[in-house]
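Trainee: Could we go through this model together? I'd like to start with the strands and then move on to the rings.

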Amino acid sequence: MEAALSPQDAAALLRWYVDHGLDETIGEDAIDRFALPPPAGVVATPAPPTASPSAAPTPMRPPVAAPAVRAPVPLESPQLALDAREVARQATTIAELEEAVRAFEGCALKRTAKNTVFADGVAGAPVMIVGEAPGADEDRLGKPFVGVSGQLMDRMFSAIGMSRERDLYITNILFWRPPGNRTPTLSEQAICLAFTRRHIELAKPKIVVLAGGTAVKAVLNTTEGITRLRGKWTTLMLDDDSEVPALPTFHPAYLLRTPASKRQSWQDLLALDKRLRELGVRGSGAGSSSRGN
Ligand code: URA
(Lines give C-alpha, C1' and ligand atoms only; values in the text may rest on other atoms or scores of the structure.)
Protein backbone atom coordinates (compact mmCIF):
# COMPACT_ATOMS: atom_id res chain seq x y z
CA MET A 1 0.00 0.00 0.00
CA GLU A 2 1.24 3.49 -0.80
CA ALA A 3 2.17 5.58 2.23
CA ALA A 4 0.16 8.85 2.54
CA LEU A 5 2.18 12.01 1.80
CA SER A 6 3.13 14.12 4.80
CA PRO A 7 1.73 17.70 4.67
CA GLN A 8 5.29 18.96 4.07
CA ASP A 9 5.81 16.56 1.15
CA ALA A 10 2.39 17.40 -0.29
CA ALA A 11 3.22 21.14 -0.08
CA ALA A 12 6.61 20.50 -1.73
CA LEU A 13 4.91 18.52 -4.51
CA LEU A 14 2.39 21.31 -5.12
CA ARG A 15 5.22 23.84 -5.23
CA TRP A 16 7.01 21.65 -7.79
CA TYR A 17 3.85 21.52 -9.93
CA VAL A 18 3.49 25.33 -9.83
CA ASP A 19 7.19 25.79 -10.68
CA HIS A 20 6.57 23.65 -13.77
CA GLY A 21 3.58 25.72 -14.82
CA LEU A 22 0.86 23.35 -13.56
CA ASP A 23 -1.32 25.74 -11.61
CA GLU A 24 -4.74 24.67 -12.83
CA THR A 25 -6.86 21.59 -12.05
CA ILE A 26 -8.78 20.50 -15.11
CA GLY A 27 -10.07 17.13 -13.93
CA GLU A 28 -10.52 14.99 -10.83
CA ASP A 29 -8.39 12.08 -12.07
CA ALA A 30 -5.03 12.13 -13.78
CA ILE A 31 -5.07 10.58 -17.27
CA ASP A 32 -2.18 8.26 -18.18
CA ARG A 33 -1.99 9.12 -21.86
CA PHE A 34 0.80 6.59 -22.43
CA ALA A 35 -1.66 3.82 -21.49
CA LEU A 36 -4.35 5.01 -23.95
CA PRO A 37 -4.58 3.67 -27.53
CA PRO A 38 -3.46 6.25 -30.13
CA PRO A 39 -6.25 8.50 -31.39
CA ALA A 40 -7.95 7.52 -34.67
CA GLY A 41 -5.85 8.43 -37.67
CA VAL A 42 -2.57 8.37 -35.75
CA VAL A 43 -0.36 5.52 -36.84
CA ALA A 44 2.65 4.54 -34.80
CA THR A 45 5.75 5.34 -36.84
CA PRO A 46 8.17 2.42 -37.05
CA ALA A 47 11.68 3.26 -35.94
CA PRO A 48 13.91 4.03 -38.93
CA PRO A 49 16.19 1.12 -39.85
CA THR A 50 19.67 1.55 -38.45
CA ALA A 51 22.27 1.77 -41.17
CA SER A 52 24.50 -1.28 -41.41
CA PRO A 53 28.21 -0.52 -41.28
CA SER A 54 28.53 -1.71 -44.89
CA ALA A 55 25.80 0.61 -46.19
CA ALA A 56 27.01 3.04 -48.83
CA PRO A 57 27.57 6.52 -47.41
CA THR A 58 24.83 9.03 -48.23
CA PRO A 59 26.17 11.51 -50.78
CA MET A 60 26.55 14.99 -49.36
CA ARG A 61 24.09 17.50 -50.73
CA PRO A 62 24.93 21.17 -50.96
CA PRO A 63 23.18 23.08 -48.17
CA VAL A 64 19.87 24.60 -49.22
CA ALA A 65 18.69 27.84 -47.62
CA ALA A 66 15.78 26.92 -45.34
CA PRO A 67 12.61 28.81 -46.13
CA ALA A 68 11.53 31.06 -43.27
CA VAL A 69 7.85 30.41 -44.04
CA ARG A 70 6.29 27.87 -41.71
CA ALA A 71 5.63 24.58 -43.50
CA PRO A 72 1.95 23.67 -43.34
CA VAL A 73 1.51 21.77 -40.11
CA PRO A 74 -0.93 18.85 -39.99
CA LEU A 75 -3.38 20.21 -37.45
CA GLU A 76 -5.34 17.95 -35.10
CA SER A 77 -8.48 19.74 -36.21
CA PRO A 78 -8.00 21.49 -39.57
CA GLN A 79 -11.77 21.71 -40.04
CA LEU A 80 -12.09 23.85 -36.91
CA ALA A 81 -9.57 26.35 -38.28
CA LEU A 82 -11.56 26.48 -41.55
CA ASP A 83 -14.80 26.90 -39.60
CA ALA A 84 -13.25 29.74 -37.58
CA ARG A 85 -12.11 31.43 -40.78
CA GLU A 86 -15.58 31.23 -42.29
CA VAL A 87 -17.27 32.52 -39.12
CA ALA A 88 -14.74 35.35 -38.87
CA ARG A 89 -15.17 36.28 -42.54
CA GLN A 90 -18.88 36.80 -42.02
CA ALA A 91 -18.33 39.44 -39.33
CA THR A 92 -18.50 42.91 -40.85
CA THR A 93 -17.85 44.93 -37.68
CA ILE A 94 -15.65 44.47 -34.62
CA ALA A 95 -18.79 44.10 -32.48
CA GLU A 96 -20.00 41.24 -34.71
CA LEU A 97 -16.58 39.63 -34.57
CA GLU A 98 -16.50 39.83 -30.77
CA GLU A 99 -19.94 38.26 -30.62
CA ALA A 100 -18.77 35.48 -32.96
CA VAL A 101 -15.65 34.80 -30.87
CA ARG A 102 -17.69 34.66 -27.66
CA ALA A 103 -20.14 32.22 -29.26
CA PHE A 104 -17.45 30.05 -30.87
CA GLU A 105 -17.11 26.60 -29.28
CA GLY A 106 -14.37 25.21 -31.54
CA CYS A 107 -11.36 26.00 -29.34
CA ALA A 108 -10.84 23.65 -26.41
CA LEU A 109 -9.09 26.39 -24.41
CA LYS A 110 -12.47 28.01 -23.87
CA ARG A 111 -13.50 25.12 -21.62
CA THR A 112 -10.78 25.76 -19.06
CA ALA A 113 -10.74 29.56 -19.24
CA LYS A 114 -12.79 31.77 -16.94
CA ASN A 115 -13.30 34.53 -19.52
CA THR A 116 -13.03 35.32 -23.21
CA VAL A 117 -10.36 37.99 -23.54
CA PHE A 118 -11.17 39.86 -26.74
CA ALA A 119 -9.59 43.32 -26.73
CA ASP A 120 -8.94 46.52 -24.82
CA GLY A 121 -8.21 50.11 -25.77
CA VAL A 122 -9.67 52.08 -28.65
CA ALA A 123 -11.03 50.16 -31.62
CA GLY A 124 -9.80 52.03 -34.69
CA ALA A 125 -6.69 53.40 -32.93
CA PRO A 126 -3.62 53.91 -35.16
CA VAL A 127 -1.63 51.19 -33.39
CA MET A 128 -2.90 47.67 -32.76
CA ILE A 129 -0.82 45.51 -30.44
CA VAL A 130 -1.11 41.75 -30.87
CA GLY A 131 0.27 39.62 -28.03
CA GLU A 132 0.26 35.92 -27.35
CA ALA A 133 -2.39 34.77 -24.88
CA PRO A 134 -4.16 35.87 -21.74
CA GLY A 135 -2.44 34.99 -18.47
CA ALA A 136 -4.07 34.48 -15.08
CA ASP A 137 -4.85 38.19 -14.49
CA GLU A 138 -6.25 38.67 -17.98
CA ASP A 139 -8.34 35.52 -17.62
CA ARG A 140 -9.76 36.78 -14.32
CA LEU A 141 -10.49 40.30 -15.57
CA GLY A 142 -11.40 39.52 -19.19
CA LYS A 143 -8.98 42.12 -20.64
CA PRO A 144 -5.62 41.69 -22.40
CA PHE A 145 -2.34 42.83 -20.88
CA VAL A 146 -3.58 43.88 -17.45
CA GLY A 147 -1.07 41.86 -15.38
CA VAL A 148 2.52 42.85 -14.58
CA SER A 149 3.75 42.49 -18.15
CA GLY A 150 0.82 44.58 -19.40
CA GLN A 151 1.63 47.25 -16.82
CA LEU A 152 5.20 47.37 -18.12
CA MET A 153 3.82 47.66 -21.65
CA ASP A 154 1.62 50.59 -20.57
CA ARG A 155 4.63 52.36 -19.03
CA MET A 156 6.70 51.81 -22.17
CA PHE A 157 4.06 53.28 -24.47
CA SER A 158 3.43 56.11 -22.06
CA ALA A 159 7.12 57.04 -22.52
CA ILE A 160 6.33 57.90 -26.15
CA GLY A 161 3.10 59.60 -25.18
CA MET A 162 0.69 56.78 -26.08
CA SER A 163 -1.96 55.13 -23.95
CA ARG A 164 -4.53 52.40 -24.30
CA GLU A 165 -7.23 54.92 -23.40
CA ARG A 166 -6.42 57.03 -26.44
CA ASP A 167 -4.00 55.59 -28.99
CA LEU A 168 -3.80 51.81 -28.72
CA TYR A 169 -5.98 48.84 -29.51
CA ILE A 170 -4.80 45.64 -27.82
CA THR A 171 -5.52 41.98 -28.47
CA ASN A 172 -3.84 38.57 -28.55
CA ILE A 173 -3.61 35.73 -31.03
CA LEU A 174 -5.57 33.67 -28.47
CA PHE A 175 -8.79 34.65 -26.76
CA TRP A 176 -8.57 32.11 -23.95
CA ARG A 177 -5.86 31.39 -21.40
CA PRO A 178 -3.99 28.13 -22.00
CA PRO A 179 -4.06 26.16 -18.72
CA GLY A 180 -0.97 26.91 -16.64
CA ASN A 181 0.14 29.43 -19.32
CA ARG A 182 1.47 26.60 -21.46
CA THR A 183 2.47 27.40 -25.05
CA PRO A 184 -0.64 27.20 -27.23
CA THR A 185 -0.70 24.28 -29.66
CA LEU A 186 -0.52 25.02 -33.39
CA SER A 187 -4.17 23.97 -33.72
CA GLU A 188 -5.25 26.41 -31.02
CA GLN A 189 -3.18 29.13 -32.65
CA ALA A 190 -4.60 28.41 -36.13
CA ILE A 191 -8.20 28.48 -34.88
CA CYS A 192 -7.87 31.77 -32.99
CA LEU A 193 -5.62 33.35 -35.61
CA ALA A 194 -8.45 33.18 -38.13
CA PHE A 195 -10.38 35.58 -35.87
CA THR A 196 -7.33 37.73 -35.10
CA ARG A 197 -6.54 38.28 -38.77
CA ARG A 198 -10.15 39.39 -39.36
CA HIS A 199 -9.86 41.52 -36.23
CA ILE A 200 -6.93 43.39 -37.82
CA GLU A 201 -8.85 43.81 -41.10
CA LEU A 202 -11.82 45.32 -39.28
CA ALA A 203 -9.80 47.52 -36.87
CA LYS A 204 -7.75 48.92 -39.78
CA PRO A 205 -4.77 50.09 -37.71
CA LYS A 206 -2.05 52.13 -39.37
CA ILE A 207 0.54 49.85 -37.73
CA VAL A 208 0.45 46.44 -36.04
CA VAL A 209 2.94 45.80 -33.23
CA LEU A 210 3.56 42.09 -32.71
CA ALA A 211 4.63 41.42 -29.15
CA GLY A 212 6.76 38.30 -28.65
CA GLY A 213 7.96 35.36 -30.69
CA THR A 214 4.75 33.32 -30.62
CA ALA A 215 2.62 36.17 -31.97
CA VAL A 216 5.25 37.04 -34.57
CA LYS A 217 5.57 33.47 -35.83
CA ALA A 218 1.81 32.96 -35.98
CA VAL A 219 0.80 36.26 -37.56
CA LEU A 220 3.69 36.45 -40.03
CA ASN A 221 3.61 32.69 -40.66
CA THR A 222 7.35 32.42 -40.21
CA THR A 223 9.80 30.18 -38.43
CA GLU A 224 12.24 33.04 -37.89
CA GLY A 225 12.86 33.83 -34.21
CA ILE A 226 12.01 37.09 -32.47
CA THR A 227 15.67 37.92 -31.82
CA ARG A 228 16.27 38.14 -35.57
CA LEU A 229 12.98 39.81 -36.43
CA ARG A 230 12.50 42.42 -33.70
CA GLY A 231 12.81 45.97 -34.87
CA LYS A 232 12.51 44.98 -38.55
CA TRP A 233 9.49 46.46 -40.30
CA THR A 234 7.53 44.08 -42.44
CA THR A 235 4.22 44.15 -44.28
CA LEU A 236 1.32 42.02 -43.12
CA MET A 237 -0.89 40.88 -46.02
CA LEU A 238 -4.49 40.28 -45.04
CA ASP A 239 -7.17 38.17 -46.67
CA ASP A 240 -9.18 41.20 -47.84
CA ASP A 241 -6.07 42.22 -49.83
CA SER A 242 -5.25 45.05 -47.45
CA GLU A 243 -1.69 45.48 -46.19
CA VAL A 244 -0.48 46.92 -42.93
CA PRO A 245 3.05 47.71 -41.72
CA ALA A 246 3.99 45.40 -38.84
CA LEU A 247 6.73 45.80 -36.25
CA PRO A 248 7.86 42.71 -34.30
CA THR A 249 9.15 43.49 -30.82
CA PHE A 250 10.03 41.65 -27.62
CA HIS A 251 7.20 40.56 -25.33
CA PRO A 252 7.06 42.63 -22.12
CA ALA A 253 7.16 39.41 -20.05
CA TYR A 254 10.54 38.69 -21.68
CA LEU A 255 11.70 42.19 -20.76
CA LEU A 256 10.75 41.55 -17.14
CA ARG A 257 13.01 38.49 -17.18
CA THR A 258 15.75 40.12 -19.29
CA PRO A 259 15.83 43.84 -18.44
CA ALA A 260 18.99 44.37 -20.53
CA SER A 261 16.82 43.88 -23.64
CA LYS A 262 14.73 46.95 -22.77
CA ARG A 263 17.30 49.01 -24.66
CA GLN A 264 16.35 47.28 -27.93
CA SER A 265 12.64 47.65 -27.15
CA TRP A 266 13.19 51.37 -26.62
CA GLN A 267 14.71 51.53 -30.13
CA ASP A 268 11.58 49.77 -31.43
CA LEU A 269 9.33 52.30 -29.69
CA LEU A 270 11.30 55.19 -31.15
CA ALA A 271 11.03 53.62 -34.61
CA LEU A 272 7.28 53.27 -34.09
CA ASP A 273 6.95 56.90 -33.01
CA LYS A 274 8.95 58.04 -36.06
CA ARG A 275 6.84 55.97 -38.46
CA LEU A 276 3.61 57.32 -36.96
CA ARG A 277 4.84 60.85 -37.48
CA GLU A 278 5.82 60.04 -41.07
CA LEU A 279 2.31 58.70 -41.60
CA GLY A 280 0.96 61.96 -40.21
CA VAL A 281 -0.82 60.15 -37.39
CA ARG A 282 1.00 62.00 -34.61
CA GLY A 283 1.76 65.69 -34.52
CA SER A 284 5.29 66.79 -33.69
CA GLY A 285 5.78 66.91 -29.95
CA ALA A 286 2.87 64.55 -29.17
CA GLY A 287 5.26 61.99 -27.75
CA SER A 288 7.32 64.40 -25.72
CA SER A 289 4.32 66.22 -24.23
CA SER A 290 3.37 63.34 -21.99
CA ARG A 291 6.77 61.67 -21.74
CA GLY A 292 7.56 60.71 -18.19
CA ASN A 293 3.89 60.45 -17.14
N1 URA B 1 0.76 38.20 -22.29
C2 URA B 1 0.17 38.27 -23.50
O3 URA B 1 0.74 37.92 -24.51
N4 URA B 1 -1.06 38.75 -23.54
C5 URA B 1 -1.72 39.16 -22.47
O6 URA B 1 -2.87 39.59 -22.61
C7 URA B 1 -1.07 39.08 -21.23
C8 URA B 1 0.17 38.59 -21.16
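This is a predicted model: local features need pLDDT of at least 70, side-chain atom pairs count only at pLDDT 80 or more; totals for chains, interfaces and linings use all residues.

Trainee: How many helices and strands does the protein have?

Mentor: There are twelve helices and six strands.

Trainee: Which strands pair with β4?

Mentor: Strand β2 (residues 127–131) pairs with β4 in the parallel sense over four bridges, with Met128 opposite Val208 of β4. Strand β6 (residues 243–249) also pairs with β4 in the parallel sense over four bridges, and there Val209 stands opposite Leu247.

Trainee: And how many residues of β4 are buried?

Mentor: Five of the five residues of β4 (residues 207–211) are buried, so the strand is largely enclosed by the rest of the structure; buried means under 20% relative accessible area, exposed over 50%, and partly exposed in between, with a 1.4 Å probe and protein chains only. Ile207, Val209 and Ala211 point one way from the strand, while Val208 and Leu210 point the other way. For the protein as a whole, 39% of the 293 residues count as buried.

Trainee: Switching to rings, how many aromatic pairs are there?

Mentor: A search of the whole structure finds five, where rings of Phe, Tyr and Trp (its six-membered ring) pair if their centres lie within 6.5 Å, and planes under 30 degrees apart count as stacked, over 60 as edge-to-face and the rest as tilted. One of them joins Phe104 and Phe195, edge-to-face at 5.1 Å centre to centre with 70° between the planes.

Trainee: Which parts does that pair tie together?

Mentor: Phe104 lies in the loop between α3 (94–103) and α4 (109–112) and Phe195 in helix α7 (residues 186–203), so the pair ties together parts that are 91 residues apart in sequence. Both Phe104 and Phe195 are buried.

Trainee: What about Phe250 and Tyr254?

Mentor: Those two form a tilted pair, 4.8 Å centre to centre with 45° between the planes; Phe250 is buried at a relative accessible area of 5%, whereas Tyr254 is partly exposed at 28%.

Key
Residues are numbered from 1 along each chain as its sequence is written. Side-chain values use heavy atoms; hydrogens and water are left out. Helices (H or I, at least four residues) and strands (E, at least two) are DSSP runs, numbered from the N terminus. Two strands pair if DSSP finds at least two bridges between them.
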